[in-house]
Amino acid sequence: IEASINEFAKNGYEKASTNSIVKAAGISKGLLFHYFGSKKNLYLYIVDYVSQYLIKKFYEINEKPSPDIFERLLEQGIIKLKLAYEHPLMYELLYKAFVNTPEELKSDIQERYLKLYAYNAQRFYKGFDTSKFREDINPQKAIELIMLFLEGLYSKYINTYRYKKISPEAALAEIEKITGEVREYFDILKKGMYK
């Protein structure tokens, strides 16, 4: 699994080499194909494994999310950034799988993405306090706007810091800096949306 994560994260599905995977894992190619049948099956297994691993870690850390949407988003953003720093190869693998999906895997990856989205959306939207929104603001539209904004912001931070080789201490300092910036943006949004 580790050898596969490493190879697929660094090279993507199309350029990844099963020869490199078996060499790094110290197993025979026949054994790899005995269990997985094909490179495609191995890749999809690894995508599922990494997704489930990171989701499990995420919800272990985020057991009791805040009822305030801004606080919940901030908490979850920090957790995602920490997980990205702690597991950079896993994040790289999922980024390549879900954003730069190889043509032959589009339907398989789309199916996985929709399942992950449905599972996480159900948990994310549960328990929000929408009473803080002004009466003339549609809470669903406001939440959608906040989510779109956050997606762009999160992408900016991940793309900026993803390739830096920094120590865990430096990563934590970066997370504190990012958290401060996000709080500033959220304060602006709150002024326009909250009572």
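Biologist: Why is Tyr113 called partly exposed?

Modeller: Tyr113 has a relative accessible area of 40%. Buried means under 20% relative accessible area, exposed means over 50%, and partly exposed is in between, with a 1.4 Å probe and protein chains only. The value of 40% falls in between, so Tyr113 is partly exposed. This is a predicted model, in which local features need pLDDT of at least 70 and side-chain atom pairs count only at pLDDT 80 or more, while totals for chains, interfaces and linings use all residues. Residues are numbered from 1 along each chain as its sequence is written, and side-chain values use heavy atoms, with hydrogens and water left out.

Biologist: What makes Phe98 partly exposed?

Modeller: The relative accessible area of Phe98 is 23%, so Phe98 too is partly exposed.

Biologist: How many aromatic pairs does the count come to?

Modeller: The count is 16 aromatic pairs. Rings of Phe, Tyr and Trp (its six-membered ring) pair if their centres lie within 6.5 Å; planes under 30 degrees apart count as stacked, over 60 as edge-to-face and the rest as tilted.

Biologist: Why is the pair of Phe98 and Tyr113 called tilted?

Modeller: The ring centres are 6.0 Å apart, so Phe98 and Tyr113 count as a pair. Phe98 is in helix H6 and Tyr113 in helix H7, 15 residues apart, and the pair links distant parts of the chain.

Biologist: What makes the pair of Phe133 and Tyr194 edge-to-face?

Modeller: The angle between the planes is 80°, which is over 60, so the pair of Phe133 and Tyr194 is edge-to-face. The distance is 5.4 Å centre to centre. This pair also links distant parts of the chain: Phe133 is in the loop between H7 and helix H8 (139–161), and Tyr194 is in the segment after helix H9 (168–193), 61 residues apart. Both of these residues are buried.

Biologist: Which residues do ring pairs link into a cluster?

Modeller: The cluster holds Phe70, Phe133, Phe149, Tyr185, Phe186 and Tyr194.

Biologist: Why is Phe149 called partly exposed?

Modeller: Phe149, in helix H8, has a relative accessible area of 26%, so Phe149 is partly exposed. Contact means heavy atoms within 4.5 Å. Apart from its neighbours within four places in sequence, Phe149 is in contact with Tyr185, Phe186 and Leu189. The C-alpha atoms of Phe149 and Asp187 are separated by 13 Å, and the two residues are 38 residues apart along the chain.

Biologist: What makes Asn62 count as buried?

Modeller: Asn62 has 7% relative accessibility, which is under 20%, so Asn62 counts as buried. Asn62 is found in the loop between H4 and helix H5 (69–86). Its contacts, leaving aside neighbours within four places in sequence, are Glu75, Gln76 and Ile79.

Biologist: Why does Asn138 count as partly exposed?

Modeller: Asn138 has 42% relative accessibility, so Asn138 counts as partly exposed. Asn138 lies in the loop between H7 and H8. From Asn138 to Ile188 there are 50 residues in sequence and 18 Å in space, C-alpha to C-alpha.

Biologist: What makes Ser20 partly exposed?

Modeller: Ser20 lies in helix H2 (residues 18–25). The relative accessible area of Ser20 is 33%, so Ser20 is partly exposed.

Biologist: Which residues of helix H6 (residues 88–98) are buried?

Modeller: The buried residues of H6 are Met90, Glu92, Leu93, Leu94, Lys96 and Ala97. They pack against helix H1 (2–15), helix H4 (39–61) and helix H7 (106–124).

Biologist: How many helices and strands are there in the chain?

Modeller: The chain has nine helices and zero strands. Both are DSSP runs numbered from the N terminus: helices are H or I, at least four residues, and strands are E, at least two. Of the 195 residues, 38% count as buried.
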